[in-house]
Amino acid sequence: MKNIIITGGELFNKGAQAMTFITVDEIKKRFPDHRILVLSEMDLQRPKKEQEQYAFSFMGWYPIKFAKCQSNPILRALCLLRNQKELMEAEAIYKNTDLMIDISGYALGSNWSKETCNRYLDHLEFAKEFRIPVYLMPQSFGPFEFQGDEGEKIDKRIAELLPTVKVICAREQEGLQQLKERYHLKNVILSNDLVLNNRRINLNNIYRGKPEISLPDVIPGSIAVIPNQRNYEVADESQVQNFYVFMIKKLLQIFPAVYLISHSNLDINICKQLKAEFANESRVILIDKELNCIEFNEIVKNFHFIVASRFHAIVHAFKNNVPCIALGWATKYHELMKQFSQERYMMDVRQKISEDTINATIETMMNNRDINSQTIEKKLRKLQESNVFDIIKL
C-alpha cells in the first residue's frame, strides 16, 4: 500500500485538528487505496489505545533529522552511523510515498522563529529528495522580513524550495502578492481556508468506531469568549488581559452568561486565569473539558455571538452563521472578517483598543446580530461552491 503524508497538522489545536480531519476525509474519498500518515510528533506520544481510535496513523519528525541525506553521501553515512534504525524507517516510508500535503495554518514568515520556518522547509526539502509531489493547502504566508545571517539563509531556502511545490494555496491576498513579488512564483493561487471550504466530514473516514460526542449545557442567549495565548506574546500582556476582563464585564451587563472556552490546549491556562478574575461570578462559566473540533463546531451553534481570538474559532462560528467579534494579531484575521463583510467587528491587539471602542463594537453587534448572521450565511454558500482539494492529482 502506497502512502500519502500530511504535514502541518495535529490534534491538540482545534483548528489544526479540523484541518487534519477534513484533509484525511477528502484524501480517503479520492485515494481510498492509500495509507494516510499524519506527521505529528506530539500525537505520536499519545497512548497506543488513543491513537488506535483513528483510521489513520501518526509518524515522527524524520525530515528534521534527515533532510539532505539523499543528496549528501557524507551526511547519509553519518546518519547511518548515529540513527540507522530511524533513517531506514524514514526511507522505507518516503520511498513508498506518492504525495505530501501540507496543512499548516500559518508557519512560514518572519513573524515566526527560525526553528519554525526551518522545520517547515525541512519537510519540503525531504520531499524534494524523494521526488514526492507537494501541495501546500490554503494557509497564510509572510511577511518575509528576515533579519541577520540566519534570516538570509531562510530566505534563500524559501527561494529554492517553494518553486519545487506543485501548487501553493495562499489564504490571503497579501500573502499571495508577497510570494509572487519576492520569490517570482508561478505556482501560487488564492484559495479559501479549507475548513471554511468544507461542507461536511464523513466520520467513518476519521474514526475506526463511532466517536462519543459530549457537550456541556449552554444557557440560551449566552456569549462565548475564546482567547488566544499568542495575543499575549505579540502585544502588551496587561493590555490584552484588560481587554478580556473589560469585555466580559460589559457582556455580563447584557447577557445571561459568558462561557470561557479554549480552542487549543495552549489556551487552557488563560481561560483559568480569566475565570480567576471572576472567581465569585457564577455567570462566568469555564468549560474545562477539552472539546474536539467536532464538539466545538456543535457547541458554537448555541451562542448568540462569540468573542474569538483563534482564527479557526472564528471560522467554526462563521460555518454555523454565528457572528463574531474578533481580537486578532495578523493579516489573516482582517482578511477573514472582510471576506464576510464583518470588518467592523475586527480589533487588532497590536493597536491600543479603548473601552469606548469595545462598548461601541458590542452595541453595533447587538443591533445588527441577525443581519450579520444572514450576511455570513450568504457569503458562506458562495465560497463553498468549489472544493480546493480538486486541485490534487496523482
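**Exercise 1. Which residue caps the N-terminal end of α1?**

Before we start: this is a predicted model, where local features need pLDDT of at least 70, side-chain atom pairs count only at pLDDT 80 or more, and totals for chains, interfaces and linings use all residues. Residues are numbered from 1 along each chain as its sequence is written, and side-chain values use heavy atoms, with hydrogens and water left out.

Solution. 
- Step 1: Find the helix. α1 covers residues 14-30; helices here are DSSP runs of H or I with at least four residues, strands are runs of E with at least two, and both are numbered from the N terminus.
- Step 2: Look for the cap. It's N13, with a side-chain oxygen 2.7 Å from the backbone nitrogen of G15.

**Exercise 2. Work out how α1 spans and how covered it is.**

Solution. 
- Step 1: Take the 17 residues of α1 and go from the first C-alpha to the last: the helix reaches 24 Å.
- Step 2: Compare that with the expected span, which is 1.5 Å times one less than the number of residues. The reach is close to the expected 24 Å.
- Step 3: Check the cover. In α1, 15 of the 17 residues are buried, where buried means under 20% relative accessible area, exposed means over 50%, and partly exposed is in between (1.4 Å probe, protein chains only).

**Exercise 3. Find the salt-bridge partner of K14 and say where each residue sits.**

Solution. 
- Step 1: Apply the rule: a side-chain nitrogen of Lys or Arg within 4 Å of a carboxyl oxygen of Asp or Glu. The model has 26 salt bridges by this count.
- Step 2: K14 pairs with E290, and their closest N and O atoms are 3.2 Å apart.
- Step 3: The pair links distant parts of the chain, 276 residues apart: K14 is in helix α1, while E290 is in the loop between β11 (284-286) and α13 (293-299).
- Step 4: K14 has 2% relative accessibility, so it counts as buried. E290 is at 43%, so it's partly exposed.

**Exercise 4. Describe the salt bridge between R230 and E233.**

Solution. 
- Step 1: The side chains of R230 and E233 meet at 3.2 Å, N to O.
- Step 2: Both residues lie in helix α10 (residues 229-234), 3 residues apart, or about one turn of the helix.
- Step 3: R230 counts as buried because its relative accessibility is 14%. E233 counts as partly exposed because its value is 49%.

**Exercise 5. Is R200 buried or exposed, and what does it contact?**

Solution. 
- Step 1: Locate R200 in the loop between α9 (194-197) and β9 (223-226).
- Step 2: R200 has a relative accessible area of 60%, so it's exposed.
- Step 3: Skip neighbours within four places in sequence, and R200 is in contact (heavy atoms within 4.5 Å) with D25 and K29.

Definitions and conventions. Polar contact = N/O pair within 3.5 Å; in protein donor to acceptor, adjacent residues only side chain to side chain.
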